[in-house]
Amino acid sequence: LFSVFQVVHAHKPHFMALHCQEFGGKNYEASMSHVDKFVKELLSSDAMKDYNRARVYLDENYKSQEHFTALGSFYFLHESLKNIYQFDFKAKKYKKVTGKEIYSDTLESTPMLEKEKFPQDYFPECKWSRKGFIRTRWCITDCAFDLVNIHLFHDASNLIAWETSPSVYSGIRHKALGYVLDRIIDQRFEKVSYFVFGDFNFRLDAKAVVETLCAKATMQTIRAADTNEVVKLIFRESDNDRKVMLQLEKKLFDYFNQDVFRDNNGTALLEFDRELSVFKDRLYELDISFPPSYPYSEDSSQGRQYMNTRCPAWCDRILMSHSAKELILKSENDEKIVIYDHIGPNVCMGDHKPVFLSFRIAAGAGKPIANVHKCCVVQ
């Protein structure tokens, strides 16, 4: 939390949204008890003392596998910010936000959000997948927008991801993200600008990355004796004493030189980050200038080190509709007002590094929307 508070102190946001995935961790049955402590510490922290209103939505009901997403959405409002409204999806009205409220366990009965878990047939090989999204809608100074906390499907096997370009997993994420975007602009509610952020699990095009990193290598295939199934690929330099460059297994991506993922924030690999290109007409993202956000070592002394389980990738993103892009105030006098970066570059933050987007909404940017929708007239 200290690294998060440092960012809050540096940027002093008036409205702060914090989206978490895998709340309680992978072993949520045993670890969910720690969540309450985390929430209390966040709400009572001295760093957050000027935020006099808050809404916290925690999907903690892991006993309901049919609905459980393990998503957590936190929203903090600074005392200087007046007249903030949140949308009630059931009543189809905006309601003024006062006080601090925490909702957990069964979020299905909370009208202030929409929550969905993706259908199981989207990712059948992961029976108890917790992937889904939570959507809230806000109105600040006549500007209405949706904030969507999302968690998309991971790559189950490096070997399968390597087989095709794009991978089968990329196709599953494409389908799920398309479902979310269609859902938030359907006919049930008036359309507003939206921001979608969380763990998209976007991966680099594995086939293209391996072929580039190991362009001059020879490949050795190792198969299981009983099933003849491929269990390991070893890429060796053609000369140089046949040095091993890369070892690939279902959950192993061991490349001999991790610096390629860190040097210049890994920007040489951005050309292989292709999953968002399918949605370029629907989603916008600021230029990435931080290293791949996953998979970092969970050893507290190895804050900058990647694990050798997966090819490092920019899994964690903040995306927005093209209308949301227009809300963001452009830089004035070359002052850097819009910042898109990661948190805790040298600190162990788990296997993902959080990313953040800091911006100002242009004065009156939402007025045309408000005039049409009368978005903030309801008490």
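The buried residues of helix H3 (residues 33-44) pack against helix H1 (2-11), S1, helix H2 (28-31), S2, strand S3 (72-78) and S6; contact means heavy atoms within 4.5 Å. Helices (H or I, at least four residues) and strands (E, at least two) are DSSP runs, numbered from the N terminus. The model is predicted: local features need pLDDT of at least 70, side-chain atom pairs count only at pLDDT 80 or more, and totals for chains, interfaces and linings use all residues. Residues are numbered from 1 along each chain as its sequence is written, and side-chain values use heavy atoms, with hydrogens and water left out.

| Face of H3 | Residues |
|---|---|
| Buried | Val35, Val39, Leu42, Leu43 |
| Turned away from the buried side | exposed Ser33, His34, Lys37, Lys40, Ser44 |

An open sheet of mixed pairing is formed by four strands in the order S1-S3-S2-S6. Strands S1 (15-20) and S6 (100-103) stand at the edges with a single partner strand each, so one side of each lacks a neighbour in the sheet. Strand S2 (residues 51-58) pairs with S6 in the parallel sense over four bridges, where pairing requires at least two DSSP bridges between two strands. Ala54 has Lys100 of S6 as its bridge partner.

Elsewhere, strand S12 (residues 230-237) contains Lys232, which is buried at a relative accessible area of 19%.

Technical notes:
Buried < 20%, exposed > 50% of the residue type's maximum accessible area, 1.4 Å probe, protein only.
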